[in-house]
Amino acid sequence: MTLLDIKDLTVEFPTRRKIFRAVNHASLVVEPGQIHGLVGESGAGKSTIGAAVLGLLERPGHITAGVISFKGDQISGLDDEAMRKLRGRSISMIFQDPLTSLNPLFTVKEQLVETIQAHHDVSEGEATKRARDLIDRVGIPDPDTRLNQYPHQFSGGMRQRVVIALALCSDPDVIIADEPTTALDVAVQAQILDLIKELARERQVGVILVTHDMGVIAETTDLVTVMYDGEPVESGPTHEIMGNPQHPYTKSLIAAVPRPTLKLHRFPQISYGGRETRFAIEDLARNWPKTDNDMSKPLFQIEGITKRFLLRKGLLPWDREFFTAVDSVSFDIRPGEVFGVVGESGSGKSTVARMISGLYDVDEGRITFDGQVVSDLSDKAALNAYRQEIQMIFQDPYSSLNPRMRVDDIVAEPIRHHRLLEGNAIDKRVRELLDQVGLGAEAAVKYPHEFSGGQRQRISIARALATQPRFLICDEPTSALDVSIQAQILNILKDLQEHLGLTMLFISHDLPVVRQMCDRVAVMKGGKIAEIQQTDDLFANPQTEYARELLELMPKLDDLSTENLVAES
Amino acid sequence: MLAYIIRRVFQSVIVLLVVGLVAFSMFRFVGDPIDNMLGQERTQADIDRLRTELGLDKPFPVQYFKFLQGAVEGNFGVSYRQGRPVSTIIAERAPATLELAAVSGFLAITLGIALGVFTAIRRQGFAANAIMTVSLIGVSLPTFLIGILLIYIFSVELDLLPSFGRGETVKIGNWSTGFLTASGLKALILPAITLGLYQMTLIMRLVRSEMLEVLRADYVRFARARGLTDRVINFRHALKNTLVPVITVTGLQLGSIIAFAIITETVFQWPGVGLLFINAIQFVDIPVMAAYLMLISVMFVSINLIVDLLYYAIDPRLRIDGRTA
C-alpha cells in the first residue's frame, strides 16, 4: 500500500513584487521500506516539498494546487490540530544540522520522553524505557549514561543519531530526511546513511531523502526524483536514472560531480539553464607581474609546526590544560603546485592554514617562505610584505564578506592597506578585477547580500587577487556551494594556477575534489600528517590504513556508465 | 563552582570599595554640612570645633577610611540632621522601599514575560500590535510624568486611590509592612505601577524579540515536526531558551528599580530610603548619603551575582567543564 502520494503539488510564496513558485507540479510516491531521493541544487524546491508534506511551510508560502495523500487519505489542507496529530505520529522529519536541531537546555532523555508521551499514552517509566531502547537502537554506546546527558556532550554524528531516535519516537510510517548528512564528515556520513537504510528495511518506513549530493543518492536510494527550479525533470529507479539519464539537466548534474577515479583537465560545468559565467583569465594574466618560479627549491618549508590551544585556564602552569591541534607537522610546497590537505573535521587542517597565513602564532617549529623565516616575524614591514604575497579564500562566502561594506570597498581594502595604488587607480583596478572574475564592473556599487553564494565566492577571489599574491590558501572554498557553482569556482582556481603560476594550499574534506585539484596531498589525522603522496598515487595506492579507510568511505557514483557522459559534455 | 563564587565575592568587594571612594570624593561638592547644622549665631570657633569633631577637616581618603572602619563594625555614624544612628534610620525606612520595589519588580517580571510571550506568539494579532504600541509610551515617558498623570487621573479626578504616603502600616518586629491593611495596599498601587512600568515594557520588548528569534530556531522547527503541541513548544522549549539572555537584563533592571525608587518616592512622598537620600542631599547629611550609596551598591552587586548563578541553573552548557564539551 502506498504510504505517501504527492500529486501535482504546487507551492507558491507571494512576495510584494511577484508570486514566487517554489514547487511546480511535483509528483512523487513513497512505498513502505523504500528510500526515495530528491536531488537538485539549492533553490530547486526539494526542501519545500518536505515542509509542505508536514504542513510546516514558512509563511506566506502555501499549497496552491495538487493533493498530498497519506495511506490513501488526503492530508493537504487539513487544519493545524489535525496536522499536528499527523506530524511525528505518521510522518516524521530529520533536519540537516544536528548541532542546532536539539534543544540545548534539555537532556536527551527529557526530549525523547516528552515526544514519546506526546504520541503514546504511557507512564514516564515506560517512556524512559522506550527512550533507552531507541538510543540503543540508533547505535549510541552506553545508552544509560548517554540518556541523561545534554546535546552539547555529544559529537555531531552522535547528535544526528539522537535526532533520528527522536524522529522514531512515535513509530512514524514516513520519515523526511532533509540533507541529514550534509553537515557531517565522510566516515560519519556513511554510518548515518547505513542506519537510515537499515531502519527503512527493518521498520518498513518510507523515507524521502532530500540531498544535493549525487553520491549519497547513488549509494542510498531506491528511487530518485531530480528537481530543477521547482520542477521535477526526471524520476525513476535510481540505477536507471544514474546509469542512463534522459534529461539534459540530469546528465550535466551527474557529469559535474567530481570523480575520484579519473583526473580531468577541467571540471565539467552544468550547461543546462545557461548559468555559465565567463572568467577572463587572459585579461588578468596580461597585467600580472611575471613570476619566475625557481623550481630548484620549495616556496614553503614547513618544519615541525605545533599549535596548542588552552583548554583550561589556570594561574599555575600545571593547572593548565592544552589541546594540541597541530602536532609537529612538516611538509614542503613547491612553486606553482597545488598542495592539498585532507582530513576529517578536527584533524587540524584549518589550523595549519591559519598558522601559515600568520593568523595563529606558531608554538613550535618554523615556517620558511621563499628563503625567509616567517613564523616569528616581528618586523612590521617584513610581515606586511609577506602578507601581501599570501591571500586566503574562506569556506563560508556568507560570513567572510562584511555585510556593511560595499563590494568595491571590500576588494579595495587590501590594495589600500598595502598602499599599492593611489586615488582613481584603485577604483579602476577594482572594476577590472570584478569584471575579470565575471561579476561585471557594475557589481562594485552593490552590497554582498545582493549576490548568491557562488558570486560571493567570486568576490572573495577578486579580493584575494587584489594584492597580486604568489600564494593562495583555499580553506574548503567550495564546500558551501552547489556542484555546478563548485565546478565554476574550481575551474577559476585551476586557471589561476596555470596562467598566473600561483601556488596554492588547498584544504578540503571532499576527496574527489582534491583528486581533481591537487598535485600532491597530505592526509591529516588528529593533528598529525598520516601520509603525503602524489595525488594519483594516493588514490591508486594509499600507504596508510587511515587513508585507505577514507577512500573506502566516500560515496561513489556507478562509474561505468558515467564516463561517456563526461566525454559527452 | 565554589572557587567561582569566592572569586565573584572578592570582585564584588573591590567594586564596593571603589564605589565608596568615588562617593566620598564627591561629597565635598555637595556643600558644607556645617552651614545647615549651626544657627545664625555661630562663631568661627564653633565652626572649627564642629568641623574637627566630625572629622571634616581631614582629607577625604581619611574620612573614607574612618567610614570603612565604622562600617565593618556595623556603625555607619550618626545623621547630622536627625542626630540618630544612620543604621536605625535606614532600618526604619528600608521596609517601605523594599516592599515597593518587590511589588513593582514582581509586576514588571510577570507581566513583562507574559506579555512578551503573548506578543511573540500572536505576532500578527490586533491585541499584540496594540500592546506593542502602548508599550512605546511606557518606554518613552519619564517616570515622574507617569506618576503625576496617574495621580491626576486616579486621585484627583476619580478619587479612587491615595496620592501620597504609605497608608496605615502594621509593625511586625522591626519591619513595618503596608501589605496587611486595605489603605496600605491601596497606597501601594500607584507608586508600584509608576516604578515598574518602564521595566515591564523593557522586559516585554526584550522577551518578545528573543522569543521571535528562538521560535525560528531549528530545534523549535524540529519539535514542531515531531508533533509536540504548541503549548509545550512555546512554554517549555522556547521560553526556557528565551530566558537565558533575558535574565541578565532583568537582573540589572531589578537593581535600578531600587535605585530609581528615588524619583517615584519623591513624587508620591513615599517614606522610603530614596526620599531619605533626597533629603540627606539637601542637608549635606554625609553619613546618610554614604550608607545609602553603599547599600544600593551591595544590592546591585548581589543581584548580579545571583543572576550569574542562575545562568548555571538554566544553561547546562556552562555547568560542564570545557573539557567534556
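Is Arg515(A) buried or exposed? I looked this up before anything else. Arg515(A) is buried, with a relative accessible area of 10%. Buried means under 20% relative accessible area, exposed means over 50%, and partly exposed is in between (1.4 Å probe, protein chains only).

**Ground rules.** I am working from a predicted model, where local features need pLDDT of at least 70, side-chain atom pairs count only at pLDDT 80 or more, and totals for chains, interfaces and linings use all residues. Residues are numbered from 1 along each chain as its sequence is written, chains are lettered from A and ligands numbered from 1 in the order in which they are written, and side-chain values use heavy atoms, with hydrogens and water left out.

**Arg515(A) and its partner.** I found Arg515(A) in a salt bridge with Asp536(A), at 3.1 Å from N to O. A salt bridge here is a side-chain nitrogen of Lys or Arg within 4 Å of a carboxyl oxygen of Asp or Glu. Arg515(A) lies in helix α18 (residues 511–517) and Asp536(A) in helix α19 (residues 535–540) of chain A, so the pair ties together parts 21 residues apart in sequence. Helices (H or I, at least four residues) and strands (E, at least two) are DSSP runs, numbered from the N terminus. Asp536(A) is partly exposed, at 39%.

**Other salt bridges in chain A.** I then checked Asp370(A) and Arg470(A), whose side chains meet in a salt bridge of 2.9 Å, N to O. Asp370(A) sits in the loop between β14 (364–369) and β15 (372–373), and Arg470(A) in the loop between α16 (453–465) and β17 (471–475), so this pair ties together parts that are 100 residues apart in sequence. Asp370(A) is partly exposed at 35%, and Arg470(A) is partly exposed at 23%.

Glu126(A) forms a salt bridge with Arg130(A), with the closest N and O atoms 3.3 Å apart. Both lie in helix α4 (residues 124–137), four residues apart, about one turn of the helix. Glu126(A) is partly exposed at 31%, and so is Arg130(A) at 29%. I also noted a network of salt bridges that links Glu81(A), Arg84(A) and Lys85(A). The whole structure holds 36 salt bridges over all chains.

**Positive phi.** Most residues other than glycine have a negative phi. I looked at two residues with a positive value. Lys71(A) has phi near 50 degrees and lies in the loop between β4 (62–70) and β5 (73–74). Gln204(A) has phi near 55 degrees and lies in the loop between α7 (186–203) and β8 (206–211). Lys71(A) is partly exposed at 33%, and Gln204(A) is partly exposed at 44%.

**Where A meets B.** How many residues of chain A are in contact with chain B? I get 33 residues of chain A in contact with 26 residues of chain B, contact meaning heavy atoms within 4.5 Å. Two salt bridges cross the interface of chain A and chain B. Arg236(B) and Glu114(A) meet in a salt bridge of 2.5 Å, N to O.

**Chain B.** I count 14 helices and two strands in chain B. Its C-alpha atoms fill a box of roughly 85 × 60 × 35 Å, taken along the principal axes. Of the 325 residues of chain B, 42% count as buried. Among contacts in chain B between residues at least 6 apart in sequence, 71% join residues at least 24 apart.
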